[in-house]
Amino acid sequence: MFNILVVDDDKHTRMLLRAILQNANYIVTTANNGEDALEVLDEQHIDLVVLDIMMPKMDGYEFTKIIREGNSTLPILMVTAKILPADEKQGFLVGTDDYITKPIDEEKLLLRIKALLRRAQIVNERKMIIGDVTLDYNSLTVSRKGEIQELPQKEFMLLYKLLSYPGQIFTRIQLMDEIWGSDSETGWETVTVHIGRLRKRFVNWNEFKIETVRGLGYKAVRNET
């Protein structure tokens with residue numbers, strides 16, 4: 001369910017990272033350099049970036065600096081052959097969240113990614129708690145004070161996704177591609193239908209709500225006080 005962007009100018013490294021991450025059940029998008037990566041971020045939602053440093057057009061340092069100057073908290077993991085302490089220090093100064101060196105240790109890579117996603121408040125334990133409300137991904141249930149609602153899979157995935165990123169706007173196309181799949185023959189209107197069902201189910205639940213952002217899409221608002 002999590003989308004990872006791999007940015008590296010070396011084709012073989014991109015292929016290796018894609019294989020490792022897909023085997024760990026991540027959705028993977030790739031880019032050849034920082035400029036291409038920025039275009040990807042403009043077009044689709046990404047949960048975490050795995051980033052090389054030395055690349056043409058725009059290197060990893062410049063890419064990270066631009067992301068942070070935009071006040072984005074997108075998790076960034078630099079994976080690079082640059083092993084000197086000064087290189088690592090520069091990475092953290094421009095805003096990377098973590099830094100590991102090549103050759104790639106698969107286990108270490110996956111552990112670092114899991115930790116970064118957890119720090120980004122993406123609940124890898126597959127449960128989310130909002131005040132008195134608990135969303136349980138394993139059982140597809142939303143419960144509150146003894147009241148339990150079991151949701152159809154797509155409804156639950158839609159709600160879970162929105163609440164994982166409170167305040168972030170998702171377009172209907174983004175949600176459609178991520179939850180139903182980019183190759184789905186279902187139209188984006190089905191997202192609107194599912195949003196309507198969720199609002200009806202939880203109309204009296206004050207812990208969260210789904211708002212329409214006119215002309216853009218939807219965002220979730222969490223009230224945990």
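## Contacts of Val 142

Contact here means heavy atoms within 4.5 Å. In this predicted model, and leaving aside neighbours within four places in sequence, Val 142 is in contact with Val 133, Thr 134, Leu 135, Glu 147, Ile 148, Gln 149, Leu 151, Phe 156, Leu 159, Phe 202 and Trp 205.

## Nonpolar cores

The largest nonpolar core holds 29 residues, and those that touch the most other members are Leu 135, Val 142, Leu 159, Leu 162, Leu 163 and Phe 202. Two or more residues of this core come from each of strand 6 (127-130), strand 7 (133-136), helix 6 (153-164), helix 7 (172-180), helix 8, strand 11 (208-213) and strand 12 (217-222); helix 6, with seven residues, gives the most.

Another core lies apart from this one and has 19 residues, including Val 40, Ile 53, Phe 63 and Met 78.

Five strands form an open sheet in the order 2-1-3-4-5, with parallel pairing. Its edges are strand 2 (27-31) and strand 5 (98-101), each of which pairs on one side only, and neighbouring strands are turned against each other by 20° on average, direction ignored. Within this order, strand 1 (residues 3-7) runs parallel to strand 3 (residues 48-51) and is joined to strand 3 by four bridges, with Leu 48 in strand 3 as the bridge partner of Ile 4.

Two helices pack on the sheet. Helix 3 (residues 60-69) touches strand 3 and strand 4 (76-80), and its direction makes about 175° with that of strand 4, whereas helix 4 (residues 85-94) touches strand 4 and strand 5, and its direction makes about 155° with that of strand 5.

Which residues of helix 4 are buried? They are Asp 87, Gly 91 and Val 94, and because they cover an arc of only 75° around the axis, they lie on the same side of helix 4. The cover over these buried residues includes helix 3, strand 4 and strand 5.

On the other side of helix 4, Pro 85, Ala 86, Lys 89 and Leu 93 are exposed. Helix 4 is followed by Gly 95, which has a positive phi, near 125°.

## Thr 190 in helix 8

Thr 190 lies in helix 8 (residues 189-201). Its relative accessible area is 17%, and because buried means under 20% relative accessible area, Thr 190 counts as buried. When residues up to four places away in sequence are not counted, Thr 190 touches Met 176 and Trp 180.

Notes
Residues are numbered from 1 along each chain as its sequence is written. This is a predicted model: local features need pLDDT of at least 70, side-chain atom pairs count only at pLDDT 80 or more; totals for chains, interfaces and linings use all residues. Side-chain values use heavy atoms; hydrogens and water are left out. Two strands pair if DSSP finds at least two bridges between them. Axes are lines fitted to C-alpha atoms, for helices over the stretch in contact, and angles run from 0 to 180 degrees between N-to-C directions. Buried means under 20% relative accessible area, exposed over 50%, partly exposed in between (1.4 Å probe, protein chains only). The arc is that of the directions from the helix axis to the C-beta atoms. A nonpolar core is a set of buried Ala, Val, Leu, Ile, Met, Phe, Trp, Tyr and Cys residues joined through side-chain atoms within 4.5 Å.
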